[in-house]
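I am going through one structure and writing down what I looked up, topic by topic.

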Amino acid sequence: MKQKRVLTAALSAVLALSLMSPALAAEETAAPETGVALTYEVVQRGEEFPIRVWGSVTELGELSLTLENSNESDQYQKVVVNVDEDSLILDAVTGEVRSFSDIQMGETVYAWVGPAMTRSLPPISTGRVLLCGIPADYAVPSYAEVETVTETEDGLDVYTNDGVILHLGADTEYLAAPGEEEPLTAGDIVPGARLLSWYSVTTLSLPAQAAPTKVMVFPSAYAGWVSVHGLEIALNGESLVLEGAFAPKVEEDRLLVPMRPLAEALGCEVSWEPYTNQVTVTREGTEVYRFTIGADQAVQGEVTMGLVSAAEAVDGVTFLALDDLIVLHDLKLADG
């Protein structure tokens, strides 16, 4: 996924972010020393969210199906969807688990596929979530990832990456996701969690809004979530106290953050080898990643990844770009 956030700020007044596309958020700030306006961007790199495709089943293979639809404006009018052991097939009405053998020729299927898709005609991808058993004129549930969660008097307002605000209240029914003995509920909905939501009407406002009758909550696959307002950083909803030598700073359009406080807040230990200038981050004795101060690469397991900004140390404090810390700690970049 490449989520890009461009931010501008004024320390005297942090502007409240309006709900907007998860790909872009804007805000204002200024350099603490000079008051000069600064801009920076934070980009989330990683696996993209699955793409929704749909259509009638025109071919059934051993573990694949071909979907075709007549919508000329649809980017994927014909697509081959492969099914593997990680594919989740659900009944669109009840949310119950179904098997590949339940899918019938001619029926309509909605599938969220990817992230990889071939450039062949028709394109081929692997289904992550497939919905079958769809009655005629039925409002098919929506599958989306949570960007922000706001508590209200009536429950929760949840903004998702498909640009819809979901109003969840006392009447919302929670269904148990496959593999979960009990349904995950409102307290489990955090940025990065994914929702399958049943609703039939959305408002014409921007962003659109809906009140689902029921939702299925899938736990977040991220290790946590981070949000930013100007030079203020929150981790899992809690503000990090970063002051003095530990204050974040902007250099060359990147937000640089002291990596030790963030890593330790996530339960990691940080060590520094003075002779090599190597910093190693571990969790319960197992290495998470390592890098050398001044270098533009980090090693994570057997993978060497490039850093968007070289690691630097100032007055004994090591800084990394927030973009890189998001990847190294497997965090969700959430709207503030």
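Strands themselves are DSSP runs of at least two residues, numbered from the N terminus. The model is a predicted one.

**Entry 1: the hairpin of β19 and β20**

I started with strand β19 (residues 249-251), which pairs with β20 in the antiparallel sense over 3 bridges. The hairpin has 2 residues between its strands, and E252 takes a positive phi near 50° there. I then looked up a contact across the pairing: K249 has L256 in β20 as its bridge partner.

What does the charged end of K249 sit over? It is placed over the ring of F319, 4.6 Å from the ring centre. I went on to F319 and noted that this residue, in β27, is the bridge partner of P258. The strands concerned are β20 and β27 (residues 317-321), which run antiparallel and are joined by 3 bridges.

**Entry 2: burial of β20**

Is strand β20 largely enclosed or left open by the rest of the structure? Of its 5 residues (254-258), 5 are buried, so the strand is largely enclosed. I checked the directions as well: R254, L256 and P258 point one way, L255 and V257 point the other way, and all of them are buried.

**Entry 3: β11 and its partners**

I took β11 from two sides. Strand β10 (residues 155-160) pairs with β11 in the antiparallel sense over 5 bridges, and V158 stands opposite L166 in β11. The hairpin of β10 and β11 has 3 residues between the strands, and G163 takes a positive phi near 80°.

The pairing of β11 with strand β14 (residues 208-210) is parallel, over 3 bridges. Here V164 is set opposite A208 in β14.

**Entry 4: the second largest cavity**

How many cavities of 30 Å³ or more does the count give? The count comes to 2. Strands β9 (142-151) and β11 (164-169) each supply at least two of the lining residues.

**Entry 5: aromatic pairs**

The structure holds 5 aromatic pairs. How are the rings of W54 and Y110 arranged? Their centres are 5.7 Å apart and their planes lie at 15°, so the pair is stacked; the cut-off for stacked is planes under 30 degrees apart. W54 lies in strand β3 (residues 51-60) and Y110 in strand β7 (residues 108-117), so the pair ties together parts that are 56 residues apart in sequence. W54 has 22% relative accessibility and counts as partly exposed, while Y110, at 15%, counts as buried. The cut-off I needed is that buried means under 20%.

The second pair I looked up is W112 with Y143: centres 5.8 Å apart and planes at 70°, so this pair is edge-to-face. W112 lies in strand β7 and Y143 in strand β9, so the pair ties together parts that are 31 residues apart in sequence. Both W112 and Y143 are buried. Which residues do ring pairs link into a cluster? They are F49, W112, Y143 and F218.

**Entry 6: a charge over a ring**

Last, I looked up K214. Its charged end sits over the ring of W198, at 5.0 Å from the ring centre.

Note on methods: Residues numbered from 1 in each chain as written. Predicted model: local features only at pLDDT ≥ 70, side-chain atom pairs only at ≥ 80, totals over all residues. Heavy atoms only, no water. 1 Å grid on protein atoms, 1.4 Å probe; cavity = no way out; pocket = protein on both sides within 12 Å on 5 of 7 lines; lining within 4 Å. Points joined across faces, edges and corners; volume = space filled by probe spheres on them. Helix = DSSP H or I, 4+ residues; strand = E, 2+ residues; numbered from the N terminus. Phe/Tyr/Trp six-rings, centres within 6.5 Å; stacked < 30°, edge-to-face > 60°. Buried < 20%, exposed > 50% of the residue type's maximum accessible area, 1.4 Å probe, protein only. Lys NZ or Arg CZ within 6 Å of the ring centre and 35° of its normal. Pairing = 2+ DSSP bridges.
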